[in-house]
Every structure is written in C-alpha cells, then in structure tokens.
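Reader: I would like to learn how to read helix packing and salt bridges in a model. Please take me through them one at a time.

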Amino acid sequence: MRWLALSVSLVLLATVPFWVASDYYVNIASQILLYAVFALGLNVLVGYTGLVSLGHAGLFGIAAYAGAIFINGGADHLIAILGALAATLLAAAVFAVLTLRGTGLGFVMITVALGQIVWGVAYRWISLTNGDNGVSITSRPAPFGLSLATAPGFYWATLLVFLAAVVTIAIFVGSPFGASLRGTRDQPRRMNALGYHVWMIRFLAFLFSGLWSGVAGMLFLYYNQFVSPQVVALGASAEALLMVIAGGTGTLLGPIAGAALVVMKNVASAYISRWNLVLGAIFVTIVIFMPEGLVPGSVRLWRWAVDRLHPRDVEPGRGARQKSGA
C-alpha cells in the first residue's frame, strides 16, 4: 500500500499541468514545492537536531540576492547558481559558528539577531541590494532545453528539485549520521560521553539545512524574478518555522503539508476577505487536536478510528489464562 500510494502521488504530481485548469494554479503548485524544499531544509535543524531557528530566511534570501547579483553581473545561470549556493554555505557556516554557542532560547535569539542583520544589510546597502526597491532579473535558465519561462516548464523543474530534496534528506536522516543527529537532539550529554563530537554533528546539520534553504532561495528568485528585503524579514522566518511545526517536525511529509497549508493562503485570500482569521483558526485547531503536527496527528486519528471500527480480536483462551495467572 505504501508503494502504491507513492506511485499514485508521483503520477499526480508529474501530471499537474495537464489536469489543473489554469496557469495560476500551476504556479500555486510551484510555490508549494519551492516552499516545501525550504521547510524540509529547516526541518533538518528543527525536527532532527532539536534546534529552533528564526533566522533561516536570511540564508534563503542570501541565495536569492547572490544569484540575482551574479546574473545581473553577466554570469551564466549555472555559475550564478553555484556561486549563490557557495555564498549560502559560507553564510550558513558563519551562522552555525555563532549560533551553536548557545542552545534552547539562546540559540533562537542568536538566529533572530543574525536574520535581522541580514535584513538590515539588504535594506541599507543600497549600492549592492538596491534597498527597498529590490533586485530584478530578466531571464530564466533552460536546463536540457526545458524552458522555464512557462508555468508548466517551471513547475516540472521545481518538481525535480523537490524530489531530489526529499530523496536526499530521506537518505541523510536515515543514515548512521542521521541517527547520531537524533541522539544529539535527545541526549547530547550522553552522546558526548560516548565520544561523539556533538558540536561538529550540529555544525554539519546546519550546513546541510542551509544548503537546501539556499536551493529554495534560488527557486524563489527564478519564480518571482525579483528579490527584496521582505524575503529576509523576521516574518518570513516565522512563516517557514510555522510550516514545519504545523505539518509535523521530524517527519518528511510534515513540512510538505505545512508548506501547502501556508501557501494556500494565496488562494484563500481571493475568496475570503478575512483569510487571516481562517488560517489562524486552522492553526489553533491543529495545536489543540494535533499538537504533534498535521501529518502525525492525522495518522494517529486514523489509527484510532480504525481500532474503533475494527477492534482487534483477542486470542481464544487468552483472557482465561490471564485470570488464572498462566
């Protein structure tokens, strides 16, 4: 059943441009996928490492700004992408060195401060970032002859990157290193006593998380062909964290569901004037009835409903043996 569900999901995702009515909804699907990549990258840090970041939009925006600057400077798209990701990894290394000096609330506050520094640079360094007016690009790449200028073309390219992110992160968290990562999340002192380098494990996880945040930032740049300081604002980091928490931390499907839920506000705003109230009510409902997140909570409720409808049969004679002390 699991492989069947996976196959059906892949077929549905691959054929979205064929059965979705308009380019508008194809673009919405592209947004869901690119923000899902961002949320998956953040989830490596939040769900599997146990470190809550409110500054990841800074890494997301650094990739977008760096890519735009490279492209406007005349660089080829491949060079621009590689240069932007290299800049993001460098920034992630700096972020990690500074933030890993603290844990818990201290870690959160340092990430907030670093994110605000990136926002201040984007807003004030006008000669580089054009300030509040942002930076625009006029072209998109055409990998293997696939034009990204159309909504279906961009969607398929984003889908390939999304699938690569899911597979790579699944391998990462399922590897022995992923097990050590969860160990540092749950028992850092015991892991340290066993000889594991807790700081280095978290540092590498931060780099991996930052890399996929940078990939999502480049997708955002090519989707909008524009980047501004709003992309690196505190609200953007909080929104990404909300995707992870609402969907379910420490799972692969959770951040994807959370990204879909948050991005759907763009659709809801076209039909509901007070869409913020509706979105807030949805999140409150999730917190009350599914505190572990939408995906783990849905699985739990499904199993509860199945157990109620089809209670498991007790082995014949088992009750009697228990009563007699056998």
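Predicted model: local features only at pLDDT ≥ 70, side-chain atom pairs only at ≥ 80, totals over all residues.

Reader: At what angle do helix H5 and helix H11 pack, and how far apart are their axes?

Author: Helix H5 spans residues 77-99 and helix H11 spans residues 198-224. They pack at an angle of about 140 degrees, and their axes are 8 Å apart. The crossing of H5 past H11 is right-handed.

Reader: Which residues of H5 and H11 make the contact?

Author: On the H5 side they include Ile81, Leu85, Leu89 and Phe95. H11 contributes, among others, Trp199, Phe203, Gly210, Gly214 and Tyr222. Sorted by class, the contact has 17 nonpolar residues, five polar ones and no charged ones.

Reader: Now the salt bridges. What is the general idea?

Author: Side chains of opposite charge can pair when their charged atoms come close.

Reader: How many salt bridges does a search of the whole structure find?

Author: The search finds two. One joins aspartate 186 to arginine 185, with 2.9 Å between the closest N and O atoms. The other links the side chains of glutamate 292 and arginine 300, at 2.6 Å from N to O.

Reader: What about glutamate 292 and arginine 300?

Author: Glutamate 292 is partly exposed, with a relative accessible area of 29%. Arginine 300, at 37%, counts as partly exposed too.

How values were computed. Residues numbered from 1 in each chain as written. Heavy atoms only, no water. Axes fitted to C-alpha atoms, helices over the stretch in contact; angles between N-to-C directions. Helix = DSSP H or I, 4+ residues; strand = E, 2+ residues; numbered from the N terminus. Left-handed = near helix turned anticlockwise from the far one by under 90°. Contact = heavy atoms within 4.5 Å. Nonpolar A, V, L, I, M, F, W, Y, C, P; charged D, E, K, R; others polar. Salt bridge = Lys/Arg side-chain N within 4 Å of Asp/Glu carboxyl O. Buried < 20%, exposed > 50% of the residue type's maximum accessible area, 1.4 Å probe, protein only.
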